[in-house]
Amino acid sequence: MSRLRLGLEMDGSSRGRQVRDIVHGLRSLHGVRGALLVAPDGFVIAADVPPNVAVEPLAALAATLGRDLEVGASKLGGGAFQTALFSADDGTLYLAASRIGFVVTLADPQANFQAIRGALEEAVTLIDSGWSPATPAGTAI
Amino acid sequence: MLTRLWRPATSRRPETAAELFGQADRLRRAGRYAEASQLVLRGLSVDPASITGHLLSAYLHVARRTVEPAKREFRWVLAREASHPRALLGLARLALEEGDLDAGREALVRALRAYPEFPEAQALLDGLAARRPTSPSAVPPRLDRLRLPVAARGLVVCGRDGVVLDARPATAAPGGQRVARAVTLAAAVLRRAGFGPLRRGIIEDTGEACFLRADTTLTLALALPRTTHITQGLLEVNRLWAAAQHELAIAKDEALEAPVPASTRRVS
């Protein structure tokens with residue numbers, strides 16, 4: 001059984017629903033145990049993770065990892081960081097960068113790699129198209 | 001009568017800073033950073049000394065990946081409240097991003113001293129747990145004998161303490177240190193998720209795919225063109241991993257036979 005954790009205001013806004021749908025969509029993939037969307041500052045925008053996983057510490061670490069990969073890619077003169085997966089004996093962590101944060105998926109070792117990778121790319125595309133900046137970055141505070 | 005009907009609209013009281021910050025936080029929680037930032041600016045124009053406002057401003061800068069202004073805002077908060085745990089956590093994360101592990105660790109320890117029940121700070125501190133220093137090997141492994149695939153863009157091998165043992169080209173050594181740090185953080189996330197120790201990884205950017213193998217003593221990262229088929233990349237990194245383990249075993253055996261101190265062959 002999984003628990004649904006939402007950092008979003010339950011105001012029925014279209015973006016709120018969209019984020020929930022994206023996280024639910026990833027969570028419903030075969031072999032996926034949990035999914036979350038984490039802001040670069042570690043704030044949990046939306047999460048659907050197993051009850052034995054403490055979401056805030058996980059999100060803090062995932063956001064730090066995501067930023068490390070982003071900054072690392074840019075400092076080393078490579079392209080922009082896109083996705084990463086890290087596997088252990090009992091599961092695999094997938095992480096993808098989006099405009100508003102990092103999409104994280106926790107999956108069984110036997111989960112279909114290509115299916116999850118494709119779903120992550122789709123999730124990032126949806127987020128990036130729905131959250132295009134209203135004002136250029138750097139013009140506000 | 002008309003005046004009475006119109007009064008509520010025309011005499012609407014000005015928004016307070018607290019209301020503006022509340023609205024900004026709701027927008028931030030929905031990932032609407034630009035709109036949230038505008039509201040925080042308005043709030044700070046009403047109450048320039050608001051710690052909440054400056055903290056929100058810092059969060060939004062981090063969320064929008066603007067690091068220097070975020071640092072300034074966290075420091076502004078800490079100048080007024082030296083042990084503010086959220087500001088310390090924020091500064092710690094920025095220090096880690098910049099590779100300043102000591103500053104990151106120090107800020108996390110300060111945050112935990114002020115607020116011992118702080119799971120995010122504790123998780124990050126656990127993730128930074130110092131790797132055991134590796135004593136210089138008497139006989140350095142001949143990692144230069146590893147044969148890279150023709151398409152390889154680079155190779156980095158790191159020891160248990162994150163020190164780069166081999167980097168090709170040599171200019172890839174700084175990348176090795178970043179790889180070691182990413183591996184440490186990824187291992188911490190996997191532990192938190194209950195998945196066990198890190199074994200493999202793939203990091204993809206727009207130009208390259210970096211294939212990783214790791215255990216508690218060694219990390220090997222092979223950069224290949226992004227177009228490389230995943231199966232091919234995994235095969236190549238597995239081959240190099242086996243070869244590296246072989247070289248390490250040879251070096252260990254040689255060290256046992258001739259335990260003469262020798263300088264360690266390290267790139268950095």
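## A covered strand in chain A

A:F102, A:V104 and A:L106 point one way from β6(A), while A:V103, A:T105 and A:A107 point the other way, and all are buried. This comes from a predicted model. Strand β6 spans residues 102-107 of chain A. The strand is mostly covered, with six of its six residues buried. Buried here means under 20% relative accessible area.

## Strands that pair with β6(A)

β6(A) pairs with β2(A) through six bridges, and the two run antiparallel. Within this pairing, A:L36 stands opposite A:V104. Strand β5 of chain A, residues 91-97, is also joined to β6(A) by six bridges. That pairing is antiparallel too. Here A:L95 has A:V104 as its bridge partner.

β5(A) and β6(A) form a hairpin with four residues between the strands. In this hairpin, A:G101 takes a positive phi near 160 degrees.

## From β2(A) to β3(A)

Strand β2 of chain A covers residues 32-38. Four bridges join β2(A) to β3(A), and these strands run antiparallel. A:L36 stands opposite A:A47 in β3(A).

The hairpin of β2(A) and β3(A) has five residues between the strands. A:G42 takes a positive phi near 95 degrees there. Strand β3 of chain A, residues 44-49, has six of its six residues buried, so the rest of the structure largely encloses this strand.

## Chain A as a whole

Chain A has three helices and six strands. Read from the N terminus, their order is β-α-β-β-α-β-β-β-α. The chain has 141 residues, and 59% of them are buried.

Consider contacts in chain A with a separation of 6 or more. Residues 24 or more positions apart account for 53% of these. The accessible surface of chain A is about 5,400 Å². Carbon and sulfur atoms hold 52% of that surface.

## Chain B as a whole

Chain B contains 10 helices and five strands. Of its 268 residues, 49% are buried. Among contacts in chain B with a separation of 6 or more, 52% are between residues 24 or more positions apart. Chain B exposes about 13,200 Å², with carbon and sulfur atoms supplying 57%.

## Cavities

Rolling a probe the size of a water molecule over the atoms shows where empty space is left. The structure holds two cavities of 30 Å³ or more. The largest cavity has a volume of about 60 Å³.

Which residues line the largest cavity? From chain A they are A:T83, A:A84, A:L85, A:Y94, A:F113, A:R117 and A:L120. From chain B they are B:I202 and B:E204. By type, the lining residues of the largest cavity divide into six nonpolar, one polar and two charged.

Definitions and conventions. Residues are numbered from 1 along each chain as its sequence is written. Chains are lettered from A and ligands numbered from 1 in the order in which they are written. This is a predicted model: local features need pLDDT of at least 70, side-chain atom pairs count only at pLDDT 80 or more; totals for chains, interfaces and linings use all residues. Side-chain values use heavy atoms; hydrogens and water are left out. On a 1 Å grid over the protein atoms alone, a cavity is a set of points where a 1.4 Å probe fits but cannot get out, and a pocket is an open set with protein on both sides within 12 Å along at least five of seven lines; lining residues have an atom within 4 Å of a point. Grid points are joined across faces, edges and corners, and a volume is the space filled by probe spheres set on the points. Ala, Val, Leu, Ile, Met, Phe, Trp, Tyr, Cys and Pro count as nonpolar, Asp, Glu, Lys and Arg as charged, and the others, Gly among them, as polar. Buried means under 20% relative accessible area, exposed over 50%, partly exposed in between (1.4 Å probe, protein chains only). Contact means heavy atoms within 4.5 Å. Accessible areas come from the Shrake-Rupley method with a 1.4 Å probe; for residues, only the protein chains shown count as cover. Two strands pair if DSSP finds at least two bridges between them.
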